Amino acid sequence: MKAVKLFKSGSEQTTSLEFVNLEAPKNVGKGEIKVKVYASSLNYHDLGVMTGNMPSENGRIPLADCSGIVEKIGTEVTEFKIGDHVISTFFPNWLDGTPNFSDFSCVPGDGIDGFAQEVVIKPATAFTLAPKKYSHLQASTLTTAGLTAWRALIAEGHLKANETVLIQGTGGVSIFALQIAKALGCKVIATSSSHEKLERLKQLGADQVIHYKEVTDWSSKVLELTDGKGVDHVVEVGGANTFEQSCKACKVGGHIALIGVLTGIHASIQTLYILMKQLRINGILVGSRKQQQDFVAAIQEYDFYPVIDKVFAFNDLRNAVQYQITGQHFGKICIEY
Ligand SMILES: NC(=O)c1ccc[n+]([C@@H]2O[C@H](COP(=O)([O-])OP(=O)(O)OC[C@H]3O[C@@H](n4cnc5c(N)ncnc54)[C@H](OP(=O)(O)O)[C@@H]3O)[C@@H](O)[C@H]2O)c1
């Protein structure tokens, strides 16, 4: 079978992405399932691994997301049957409850081999069923970006109708957050660095939009748009250079789902913004298998489909990565096998 491996190249922290032929795995053990991979999607995390910015083991198979079909089941597997449409989980060992880890050592495409391969055999608990109404491409966007947005707003944020949500930029997590917030009847304020993308945000239901490069003090604009009150939730994907403004943009008692590192990880901020506004800052690392199952169930009720910007063939993974680097995408970039 065809697969992709990452090899360290040169003395710099760079990697080369090589296509290899591997023997397809055959033996399905107790509690395991064999899955034919049909689609994956690219996340900022995958980009970090594939470009060597997030060091991984030499020869690692990248990609965290998978949508596929169960081809064989091992003994003692009762949850799935042959032919089921399944999606992978970001943390195969975090089934339910509170997290008890703080790294990516068990994450496919980082600490363990991922889904840039045509067939995998893994424990059944490393998958959940996919939403019935989604194609493989659509389902492949859920397991990192979708679940992160859902956990941020629903599982941890306890989002309620008529609340206001601030989203930053137009990447995978942010667009899912917009769609989930609109599905619940919330108001959304969205930012982007592109006028064209701001228009697309409005078409998707964003109530107010801000060009964060032209309006550099965008938190003041958010306060103006909310009659000085601020927003109930911020889906914070910017990191170091956006965090302080996210605090300023929040209402008293507001919630910040701290998710991303797009502008870095070292910030100097006025802690009084957090203290005086009594903000709830919630660090988020994707979600558990149970949260994914709850998200999949919720999707049956939601009226939206993932926003897929562009689809690349598996053979064309290198070009997909180059496209991701340009930052032109709006929503998700997908890989079809
Ligand atoms: N903690 C977690 O569990 C978790 C899970 C998934 C992702 N993440 C993190 O969340 C972030 C987004 O991930 P993703 O996969 O959604 O990324 P992505 O799809 O690659 O999205 C990147 C987008 O972010 C926007 N952006 C860049 N700099 C920005 C800034 N200064 N302010 C506002 N927006 C900015 C840009 O939107 P415009 O082109 O519209 O400006 C860009 O297109 C990354 O840092 C990623 O590591 C964390």
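Guide: Axes here are lines fitted to C-alpha atoms, for helices over the stretch in contact, and angles run from 0 to 180 degrees between N-to-C directions. The model is predicted, so local features need pLDDT of at least 70 and side-chain atom pairs pLDDT 80 or more, whereas totals for chains, interfaces and linings use all residues. Residues are numbered from 1 along each chain as its sequence is written, and side-chain values use heavy atoms, with hydrogens and water left out.

Visitor: At what angle do helix α3 and helix α9 pack?

Guide: Two packed helices are described by the angle between their axes and the distance between the axes. Helices (H or I, at least four residues) and strands (E, at least two) are DSSP runs, numbered from the N terminus. Helix α3 (residues 142-155) packs on helix α9 (residues 289-301) at about 85 degrees, with the axes 10 Å apart. That makes α3 roughly perpendicular to α9, a term covering 65 to 115 degrees.

Visitor: Which residues of α3 and α9 meet?

Guide: Among them are L147 and W150 in α3, and F295 and A298 in α9, where contact means heavy atoms within 4.5 Å.

Visitor: How is an aromatic pair read, and how are F314 and Y337 arranged?

Guide: A pair of aromatic rings is described by the distance of the centres and the angle of the planes. Rings of Phe, Tyr and Trp (its six-membered ring) pair if their centres lie within 6.5 Å, and planes under 30 degrees apart count as stacked, over 60 as edge-to-face and the rest as tilted. The whole structure holds 12 aromatic pairs. F314 and Y337 are stacked, 4.4 Å centre to centre with 25 degrees between the planes. This pair links distant parts of the chain, 23 residues apart, with F314 in the loop between β14 (308-313) and α10 (317-326) and Y337 in the segment after β15 (332-336).

Visitor: Which element gives the most to the lining of the second largest pocket?

Guide: Helix α9 does, with 4 residues; a pocket, on a 1 Å grid over the protein atoms alone with a 1.4 Å probe, is an open set of points with protein on both sides within 12 Å along at least five of seven lines, and lining residues have an atom within 4 Å of a point.

Conventions
Angles under 35 degrees count as roughly parallel, over 145 as roughly antiparallel, 65 to 115 as roughly perpendicular and the rest as oblique.
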